[in-house]
Amino acid sequence: MKNKFSEKWKSSKQARKQRKYVFNAPLNTRQKMMSAHLSEELIKKYKRRNVPVRKGDKVVIMVGQFKGKQGKINKVNLKKLRIYVDGAEMIKKDGTKSFYPIHASNVMIKELNIEDKERKKSVERLIQK
């Protein structure tokens with residue numbers, strides 16, 4: 001039986017193979033794909049350009065119809081590779097609001113959520129490097 005996903009796969013020019021890689025990726029790999037750029041202050045502080053997003057991070061939307069809006073990440077959907085930000089909501093015909101899905105690469109992290117013990121440890125490791 002042929003494996004659906006391989007960690008050793010490097011790259012391909014073919015878009016179908018790139019889509020297949022993302023579609024069949026396990027959740028731990030998808031979490032790494034959900035990375036966003038850090039703001040300039042955070043880059044200087046952590047000496048790193050991007051970090052995987054988490055619920056509770058404060059972000060600024062950089063691309064799309066909600067460009068410039070700031071808000072907290074309300075939900076991270078690894079299955080669809082989308083995040084849902086408090087400031088980006090659609091109003092439906094019946095008047096109800098629903099979150100607009102945004103890819104993590106289209107936002108910039110302004111403030112990290114460090115309430116979680118594991119996230120706090122990983123951030124401290126970044127500072128020490």
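Author: Let's start with Glu 7, which sits in the segment ahead of α1 (15–23). This is a predicted model, where local features need pLDDT of at least 70, side-chain atom pairs count only at pLDDT 80 or more, and totals for chains, interfaces and linings use all residues. Residues are numbered from 1 along each chain as its sequence is written, and side-chain values use heavy atoms, with hydrogens and water left out.

Reader: Why is Glu 7 called exposed?

Author: The label goes by relative accessible area: buried is under 20%, exposed is over 50%, and partly exposed is in between (1.4 Å probe, protein chains only). Glu 7 comes out at 54%, so exposed is the word for it.

Reader: And what does Glu 7 contact, leaving aside its neighbours within four places in sequence?

Author: Contact means heavy atoms within 4.5 Å. With those neighbours set aside, Glu 7 is in contact with Pro 26 and Thr 29. Thr 29 is 22 residues from Glu 7 in sequence, and their C-alpha atoms are 9.0 Å apart.

Reader: How do you know how many helices and strands the chain has?

Author: They are DSSP runs, numbered from the N terminus: helices are H or I with at least four residues, strands are E with at least two. On that basis the chain has four helices and seven strands. Read from the N terminus, the order is α-α-β-α-β-β-β-β-β-β-α.

Reader: What makes β2 (50–52) and β6 (97–102) edge strands?

Author: Two strands pair if DSSP finds at least two bridges between them. The seven strands form an open, mixed sheet ordered β2-β1-β7-β3-β4-β5-β6. β2 and β6 each have a single partner strand, so one side of each has no neighbour in the sheet. From one strand to the next, the twist averages 50 degrees.

Reader: How do you know that β3 and β7 pair?

Author: Four bridges join β3 (residues 58–61) to β7 (residues 107–111), and the cut-off asks for at least two, so they count as a pair. The two strands run antiparallel, and Lys 58 stands opposite Glu 111 in β7.

Reader: What share of the chain counts as buried?

Author: Of its 129 residues, 31% do.

Reader: Which residues count as charges, and how far apart are the mean positions?

Author: Lys and Arg count as positive, Asp and Glu as negative, with His and the chain ends not counted. Each charge is placed at NZ of Lys, CZ of Arg, CG of Asp or CD of Glu. For the 36 positive and 12 negative charges, the mean positions are 11 Å apart.

Key
Axes are lines fitted to C-alpha atoms, for helices over the stretch in contact, and angles run from 0 to 180 degrees between N-to-C directions.
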